[in-house]
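Trainee: I would like to learn how to read a fold from its strands, helices and core. Where do we begin?

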Amino acid sequence: MCEGDCNDLIQTTNQGMQSGCEMTQITFYKTAAGEYQGFTCDGHAGYANYGEDIVCASISVLVINTINSLEEITGEKMDVTTDGDSGTIRCRFVNVPLRETSRVLMDSLVLGLTHIEKQYGSKYCKLTFEEV
């Protein structure tokens with residue numbers, strides 16, 4: 001379902017946390033009708049030192065768990081690419097619109113990330129939505 005090995009996402013993301021970026025930017029891509037097309041998570045939160053950054057770890061867990069759930073629970077077809085050095089995860093959905101269960105998982109991801117952004121501030125975690 002994924003391009004590459006989704007099970008390597010955690011290792012790839014953790015290796016890249018050492019790069020010292022100052023914020024994680026998450027961009028969700030949606031159609032004019034509000035259908036998810038995919039998302040990009042880019043950078044490292046910079047809240048604390050490597051191994052102690054609870055904001056970066058929280059974002060990583062939410063994003064990686066959502067991708068794994070989309071693949072293993074819903075069987076959603078997607079292209080996923082990662083770059084551990086920059087802390088980038090890109091997920092593009094092959095079939096749009098998504099199944100209802102996949103939309104719920106994506107809404108849950110947005111909810112969790114929104115709470116992180118509110119709690120810790122957009123200095124460390126910034127969500128944006130782009131119409132495609």
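Mentor: Begin with Thr 88, which is in strand S4. Bear in mind that this is a predicted model.

Trainee: Does Thr 88 count as buried or exposed, and why?

Mentor: The call rests on relative accessibility, and buried means under 20%. Thr 88 is at 5%, so this residue counts as buried.

Trainee: Which residues does Thr 88 touch, leaving out those up to four places away in sequence?

Mentor: With that limit, Thr 88 touches Thr 40, Cys 41, Asp 42, Thr 81, Thr 82 and Asp 83. Its side chain also makes a polar contact of 2.8 Å with the side chain of Ser 86.

Trainee: What is the strand order of the sheet?

Mentor: The sheet is open, has 5 strands with mixed pairing, and runs in the order S3-S4-S2-S1-S5. On average, neighbouring strands are turned by 10° against each other, direction ignored.

Trainee: How many bridges join S1 to S5?

Mentor: There are 7 bridges between S1 and S5, and these two strands run parallel. Phe 28 has Phe 129 in S5 as its bridge partner.

Trainee: How do I read the length and the start of H2?

Mentor: For length, compare the span with the expected value. H2 has 19 residues and reaches 26 Å from first to last C-alpha, close to the 27 Å expected at 1.5 Å a residue. At its N-terminal end, H2 is capped by Asp 53, with a side-chain oxygen 3.2 Å from the backbone nitrogen of Val 55. Buried residues of H2 include Val 55, Ile 59, Val 63 and Ile 67.

Trainee: And the core?

Mentor: In soluble globular proteins, nonpolar side chains tend to be buried together. Here the largest nonpolar core has 27 residues, and Phe 28, Ile 59, Val 63, Met 106 and Leu 113 touch the most other members. Elements giving two or more residues to this core include H2, H3 and strand S1. H2 gives the most, with 7 residues.

Trainee: Which residues does Phe 28 touch beyond four places in sequence?

Mentor: Among them are Tyr 36, Phe 39, Met 106, Leu 109, Leu 113, Leu 127 and Phe 129.

Notes
Residues are numbered from 1 along each chain as its sequence is written. This is a predicted model: local features need pLDDT of at least 70, side-chain atom pairs count only at pLDDT 80 or more; totals for chains, interfaces and linings use all residues. Side-chain values use heavy atoms; hydrogens and water are left out. A nonpolar core is a set of buried Ala, Val, Leu, Ile, Met, Phe, Trp, Tyr and Cys residues joined through side-chain atoms within 4.5 Å. Buried means under 20% relative accessible area, exposed over 50%, partly exposed in between (1.4 Å probe, protein chains only). Helices (H or I, at least four residues) and strands (E, at least two) are DSSP runs, numbered from the N terminus. Contact means heavy atoms within 4.5 Å. A polar contact is a pair of N or O atoms within 3.5 Å; within protein, one must be able to donate a hydrogen and the other to accept it, and residues adjacent in sequence count only if both atoms are side-chain atoms. Two strands pair if DSSP finds at least two bridges between them. Axes are lines fitted to C-alpha atoms, for helices over the stretch in contact, and angles run from 0 to 180 degrees between N-to-C directions. The expected span of a helix is 1.5 Å times one less than its number of residues.
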